Amino acid sequence: MSRGIVAYGVYLPYWRLVRARIAEALDLPATRGTRSVASYDEDATTMAVEAGLAALRAASGGTAPAELVVATTAPAYLDKTNAVTVHAALGLDRGSPAFDMNGAVRSGSAALRYAARAERPALAILSDCRNGLPGGAEERDGGDGAAAFLFAGGADVVAEQVAYAATTAEFLDRWRLPGEGASHLWEERFGESEYLPLAEEAITDALKQAGVTTTDVDHLVVTGSHARAVRAVQRGTGFRPAAVADDLTDLIGNAGAAHQGIALAGVLDIAAPGALVAAVTLADGAEATVFRVTNAIVGYRKRQHSSDAVSAQIAAGRTDLSYCRFLTWRDQLRREPPRRPEPSPPSAPPAARNQSWKFRFAACRCGVCGTRLVPPGRVCIACGATDRMIEESLAGVPGAVATFTVDRLAFTPNPPMVVAVIDFEGGGRFRCELTDVDPETVAIGDRVEMTFRKVSTTQGIHNYFWKARPARGGV
Amino acid sequence: MAARGIRDRVAIVGMGCTRFGERWDKGIDDLLIDAATEAFDSAGVAKDDVDAFWLGTMGSGISGLTLSRPLRLDYKPVTRVENMCATGSEAFRNACYAVASGAIDIAMAIGGEKLKDSGTSGLVIPSQPSDGTAPELTAPALFSLLAPAYEQKYGVSPEQFKEVMTRIAWKNHHNGSLNPRAQFRHEVTKETIARSPIVAGQLGIFDCSGVSDGAAAAVIVRSEDAYRYTDKPIFVKALSFVAGSATGTADPRYDYTTFPAVVRAGQNAYVEAGVEDPRAELAMAEVHDCFTPTELVLYEDLGFAQRGNGWREALAGAFDIDGELPVNPDGGLKAFGHPIGASGLRMLFECWLQLRGEAPPERTVKSIAAGRKLALTHNLGGAPGECVSFVSIVGSEPAL
């Protein structure tokens with residue numbers, strides 16, 4: 001089998017902002033739909049980790065990523081490579097490179113192209129947080145989320161990449177100066193007139209390479225930063241109307257550099273073996289990629305966790321987020337902080353020394369008596385043996401709430417802080433924050449799973465670590 | 001326990017204790033000078049008579065200079081100690097051991113803390129550079145973890161538990177209302193306590209001890225010298241301190257309804273003092289009521305009540321000032337606040353007053369008239385599952 005997608009995963013944050021809430025708050029005409037919202041403790045890096053974990057837990061055991069590339073328009077850091085944080089959290093091999101592709105919406109395509117053409121198994125993660133000014137279309141129509149695709153060759157390929165074509169043109173459609181929080185857009189009819197021929201050319205080229213016609217395509221996924229042009233390409237390029245996939249923007253908004261990945265994953269979730277999938281994306285030009293779904297998709301779906309499916313994540317979204325809380329999370333509403341000192345930023349040397357623990361949630365198990373120790377330590381809490389520990393990651397291990405509290409005094413960007421003592425399946429206990437949770441409904445015995453989050457940002461340093469969230473469900 | 005202990009080998013012959021509270025008028029220097037001066041006067045000694053000093057403070061200064069500078073001590077040894085919330089008691093323990101060793105004749109243990117200059121709400125513990133993985137929750141949140149666990153284990157409803165917490169706060173505020181040194185000197189109704197704004201979990205503002213400034217001091221000599229200074233010395237029967245292995249936060253067998261370090265410290269102290277039934281033998285106890293659920297668990301950990309029954313005993317008034325075993329007759333941390341380095345010595349100060357019959361009549365525990373002669377102090381520092389604990393037992397007679 002030639003090279004293609006051997007595993008994929010999507011992460012949609014828990015929260016949705018109902019667009020009508022913006023309209024109510026700002027006395028604007030109501031608009032339909034919802035957008036996905038990264039929580040106060042999420043960013044492009046943490047969502048990339050979640051999408052990467054979803055892909056890796058569904059991947060067959062034989063394929064480990066040997067390269068990593070992460071694309072976003074909302075990098076958590078500049079200068080420092082954000083993909084390195086993802087690399088650490090996914091526990092990738094020290095001998096594998098990790099790169100960022102930052103800034104432009106089109107960077108998502110770059111990451112996919114890199115992974116599709118790499119010599120070794122390569123993981124491309126597209127992750128984005130889209131912001132706009134209050135009351136604007138960018139705020140309303142943007143979205144947050146991430147998608148990860150592991151490319152390799154061999155029998156595990158679930159979607160073989162059979163063609164790729166691109167067109168590129170210089171015109172001013174969407175832009176943003178470094179440091180600006182929102183994009184600028186040119187008058188949209190101009191962009192539509194530019195994009196449509198660029199898309200037509202790329203589609204024609206790709207279908208020709210694949211040796212197929214538009215009517216052979218079973219699923220057409222059109223995404224892009226220009227909603228009007230996306231609709232024009234869906235309708236005006238000769239594909240069967242029944243083949244046009246929902247671009248999901250009504251449900252989750254447009255997740256920028258990540259959106260093409262999320263929409264493609266939504267189609268891979270349902271495509272039949274043998275199906276032909278054309279993915280077209282519009283950003284400063286157009287790209288058309290043709291995939292052939294293989295029989296391996298059947299076995300793949302058995303490994304995929306049901307709660308990881310795009311439709312399941314859309315359905316699980318929580319819609320009671322208030323507009324004021326959304327603005328607070330986006331630093332658009334500066335609230336009075338608690339009269340408590342800000343948390344200290346992590347110190348670089350201990351964070352580096354303890355990186356397996358901090359980034360991968362690697363605990364350990366005593367090689368003498370088998371007791372699990374969280375966080376890892378050198379001396380066993382049960383038998384007292386020293387330096388006999390075996391490392392063991394708990395990132396994917398479920399747990400249950402042993403006891404809990406709601407701290408209304410602690411410093412957190414989203415008070416109150418919910419803290420639980422978690423007992424893990426197979427042993428081990430850890431006290432940590434609960435996130436994506438309703439403080440009123442937490443109970444002893446609740447099942448939880450771990451999630452990679454940004455605990456705080458102080459003195460210009462993001463403190464990444466794991467929290468627990470209510471279990472989303474299993475296989 | 002220390003393998004042998006120093007039962008009856010040293011005695012307290014003088015004590016001082018400042019008024020606790022938001023002492024905007026006093027710095028740490030003033031508080032230490034006030035407590036030390038009162039203790040010197042109480043023992044009838046001059047500061048130059050004291051051979052060595054142990055100063056407990058968590059964060060109001062570093063090194064012995066924190067004491068020697070304001071007091072202008074004459075080149076005396078001053079040891080600054082810190083052991084979280086047991087800091088003041090740790091100063092006392094080490095001073096007692098120094099006297100018992102024979103190396104010195106007169107020691108002072110002094111503790112003080114100036115918390116109210118920080119400008120923040122609640123207690124702030126200075127932190128070390130870290131990897132940023134420890135959840136930074138507040139002290140009330142850490143101790144509020146006890147409530148759902150206790151309710152679950154003993155079938156106590158959240159409403160019943162709230163009633164117990166309220167009863168404990170109400171009792172300690174009542175006791176504090178009778179104490180001129182307390183931070184809060186008024187009764188608080190149960191309704192006000194129960195309705196106070198929630199801080200963490202089930203804990204309202206009135207379930208938390210306050211943040212205050214204060215200092216307290218004791219003068220310690222060998223028992224055979226004690227009557228040279230006072231007719232009514234208080235003898236040290238037991239000193240017990242343990243640092244827990246802090247496994248509770250990592251070990252699923254820990255159930256958040258007990259402080260194992262307190263159980264161990266209590267057992268060690270009872271052995272050293274020869275106490276078999278603390279409920280029946282102690283005249284009073286000053287325990288570390290940092291939060292109301294803490295005091296409930298302490299009744300059981302220190303053997304004042306059967307496991308799972310402390311809440312009923314509390315509701316029945318067993319630990320009231322006129323109850324069988326008065327707990328925190330001075331008002332406790334609840335009414336005094338918790339200037340970390342001072343609290344352990346403040347507890348001893350109440351034992352000193354009560355055992356010498358010097359507490360005002362309205363606050364005098366009835367158990368002493370009934371013939372009981374022992375008092376207990378207790379601190380814990382840290383949080384459920386990972387704490388240090390101290391227990392002392394002192395008595396009004398040199399040998400039982």
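In what sense do strand β14 of chain A and β15(A) pair, and over how many bridges? They pair in the antiparallel sense, over 2 bridges, with β14(A) covering residues 362–366. Two strands count as paired here if DSSP finds at least two bridges between them. Helices (H or I, at least four residues) and strands (E, at least two) are DSSP runs, numbered from the N terminus.

Before I go on, the provenance. This is a predicted model, in which local features need pLDDT of at least 70 and side-chain atom pairs count only at pLDDT 80 or more, while totals for chains, interfaces and linings use all residues. Residues are numbered from 1 along each chain as its sequence is written, and chains are lettered from A and ligands numbered from 1 in the order in which they are written.

Back to that sheet in chain A. It is open, has 3 strands in the order β15-β14-β16, and the pairing is antiparallel. The edges are β15(A), residues 372–373, and β16(A), residues 389–393; each has a single partner strand, so one side of each has no neighbour in the sheet. As a specific pair, C364(A) has L373(A) in β15(A) as its bridge partner.

Next, the domains of chain A. The assignment, which is automatic or from a database, gives domain 1 as 4–329 and domain 2 as 357–470. Their centres, taken over C-alpha atoms, are separated by 31 Å. Contact means that the C-beta atoms of two residues, placed from the backbone, lie within 7 Å. On that basis 16 residues of domain 1 of chain A touch 17 residues of domain 2 of chain A. On the domain 1 side, α2(A) (44–58) and α3(A) (82–90) are the elements that give two or more residues, and α2(A) gives the most, with 5. That side divides into 7 nonpolar, 4 polar and 5 charged residues. For the classes, Ala, Val, Leu, Ile, Met, Phe, Trp, Tyr, Cys and Pro count as nonpolar, Asp, Glu, Lys and Arg as charged, and the others, Gly among them, as polar.

Now the chain interface. Here 38 residues of chain A are in contact with 31 residues of chain B. Several elements of chain A each supply at least two residues to its side, including α13 (348–353), α14 (355–360) and β21 (461–470). The largest share, 6 residues, comes from β17(A). By class, the chain A side has 22 nonpolar, 7 polar and 9 charged residues.

One residue in chain A, as an example. A124(A) lies in strand β6(A), residues 122–129. A124(A) is buried because 31 other C-beta atoms lie within 10 Å; the cut-offs are 20 or more for buried, 12 or fewer for exposed, and partly exposed in between, with C-beta atoms placed from the backbone. Beyond neighbours within four places in sequence, A124(A) has contacts that include V69(A), Y114(A), F149(A) and F151(A).

Last, chain B. Its open sheet has 9 strands in the order β3-β2-β4-β7-β1-β8-β11-β10-β9, with mixed pairing. At the edges stand β3(B) (78–81) and β9(B) (282–286), each with a single partner strand, so one side of each lacks a neighbour in the sheet. Strands β2(B) (52–56) and β4(B) (106–113) run parallel and are joined by 5 bridges. Within that pairing, A109(B) in β4(B) is the bridge partner of W54(B).
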